[in-house]
Amino acid sequence: MNERFQIKDQLLALQKLQELDLKIDSLKRKKAALPANLKAAQDAFNKVKSASELKQGAIGEIEKARKQTQAAIELNKERLERAGKKLEAVHNTQEFQAASKEFEQLRKLGISFDEQMKKTALEIDTVGKDRARLDEQLVGLKAELDARQTECDGHAGVIDAEVAVLMNDRRSLVPMIDAPVVLRYDRVRAARCGIGFVQAVGGRCGGCNMMIPPQLYNEIQKAGEIHSCPNCNRMLFVPPAPPQPDTAAAAADGAVPSESQNGK
Ligand SMILES: [Zn+2]
């Protein structure tokens, strides 16, 4: 393979690429999680909406029963009228007894229908008030839901803008790495929880924590080519050793000289 770029420069670019990709992944997860914040408001709204619809259904049923009772009342009224006329036209005791019995029965039936109507009116009133209360709640819950939706859309917009900036950075970084290396990185990243390039510290892979064979570790440190972890396939780099504490600076800071410094 004819490498166009210095391995050390590519390792540096890969490091930046991995940092960018982790940021992009995190933002994408954040965006994906946004609708979850809406869910509670949506659930609360839906719950009260179904309750209101149930009440409306109940009112419909009661209204139907009320109409039936009303029809029965009209019919009973006619029968009672006829029974009253019959009672006026009786010719003997036997007829009187039969007619007055029928009249009395219809009269009692009329009373029970009237009571039924009063009960139904009361039920409609109660259920209607319940529904009105639920509908009032719905207004508030809808406003809450709309506010959450707007908030969610706003956050999503901000995240999209942040991702766009990072993607732009990514696009300018990718050409600084050999194409096959980028492909390798993308493939491993996809298979390994978003991490394709990781540092090796203390002889271990920072991705899977497995010990790296010492010979390979030395090779990684030399950075002559880009090596992968034999266990998890992530590409590895050894970060340069942190600069040794500067004796002069430490003394200037008023730090107590350590034993190692005393020997110098
Ligand atoms: Zn590994």
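## The largest pocket

Helices α1 and α4 (214–222) each contribute at least two residues to the lining of the largest pocket. The model described here is a predicted one. Helix α1 gives the largest share of that lining, 4 residues. The volume of the largest pocket is about 230 Å³. It is lined by 13 residues, and those closest to its centre are Leu11, Ala223, Val238, Pro239 and Pro240. By residue type, the lining of the largest pocket splits into 9 nonpolar, 2 polar and 2 charged.

Where is Ala223 found? Ala223 sits in the loop between α4 and β3 (227–228). Its phi is near 55°, a positive value in a residue other than glycine. Ala223 counts as buried because its relative accessible area is 11%, and the limit for buried is under 20%.

## A second residue with positive phi

Asn233 also has a positive phi, of about 70°, although it is not a glycine. Asn233 belongs to the loop between β3 and β4 (235–237). Is Asn233 buried or partly exposed? With a relative accessibility of 45%, Asn233 counts as partly exposed.

## The cavity between helices

A search of the whole structure finds 1 cavity of 30 Å³ or more. The space in the largest cavity comes to about 50 Å³. Which residues line the largest cavity? The lining consists of Leu34, Asn37, Leu38, Arg148, Glu151, Cys152 and His155. Helices α1 and α2 each supply at least two of the lining residues, and the largest share, 4 residues, is from α2. The lining of the largest cavity divides into 3 nonpolar, 2 polar and 2 charged residues.

## Salt bridges within a helix

The count of salt bridges in the model is 19. One of them joins Lys39 and Asp43, with the closest N and O atoms 2.7 Å apart. Both residues lie in helix α1 (residues 7–88) and are 4 residues apart, so about one helical turn separates them. An α-helix has 3.6 residues a turn, so residues three or four places apart point the same way. Asp43 is partly exposed, with a relative accessible area of 35%.

Another salt bridge links the side chains of Arg148 and Glu151, at 3.3 Å from N to O. These residues are 3 apart in helix α2 (residues 93–173), about one turn of the helix. Arg148 is partly exposed at a relative accessible area of 29%, and Glu151 is partly exposed at 39% relative accessibility. Arg148 and Glu151 are also among the residues lining the largest cavity.

## A salt bridge between helices

Which residue forms a salt bridge with Asp186? The partner is Arg170, and the closest N and O atoms are 3.2 Å apart. This pair links distant parts of the chain, with Asp186 in helix α3 (residues 179–191) and Arg170 in helix α2, 16 residues apart. Asp186 counts as partly exposed at 30% relative accessibility, whereas Arg170 counts as buried at 15%. Salt bridges that share partners join Asp21, Asp25, Arg170, Asp186 and Arg189 into one network.

At the start of α2, Asn92 makes a contact through its side chain. A side-chain oxygen of Asn92 comes to within 3.2 Å of the backbone nitrogen of Gln94.

Definitions and conventions: Residues are numbered from 1 along each chain as its sequence is written. This is a predicted model: local features need pLDDT of at least 70, side-chain atom pairs count only at pLDDT 80 or more; totals for chains, interfaces and linings use all residues. Side-chain values use heavy atoms; hydrogens and water are left out. A salt bridge is a side-chain nitrogen of Lys or Arg within 4 Å of a carboxyl oxygen of Asp or Glu. Buried means under 20% relative accessible area, exposed over 50%, partly exposed in between (1.4 Å probe, protein chains only). A polar contact is a pair of N or O atoms within 3.5 Å; within protein, one must be able to donate a hydrogen and the other to accept it, and residues adjacent in sequence count only if both atoms are side-chain atoms. On a 1 Å grid over the protein atoms alone, a cavity is a set of points where a 1.4 Å probe fits but cannot get out, and a pocket is an open set with protein on both sides within 12 Å along at least five of seven lines; lining residues have an atom within 4 Å of a point. Grid points are joined across faces, edges and corners, and a volume is the space filled by probe spheres set on the points. Ala, Val, Leu, Ile, Met, Phe, Trp, Tyr, Cys and Pro count as nonpolar, Asp, Glu, Lys and Arg as charged, and the others, Gly among them, as polar.
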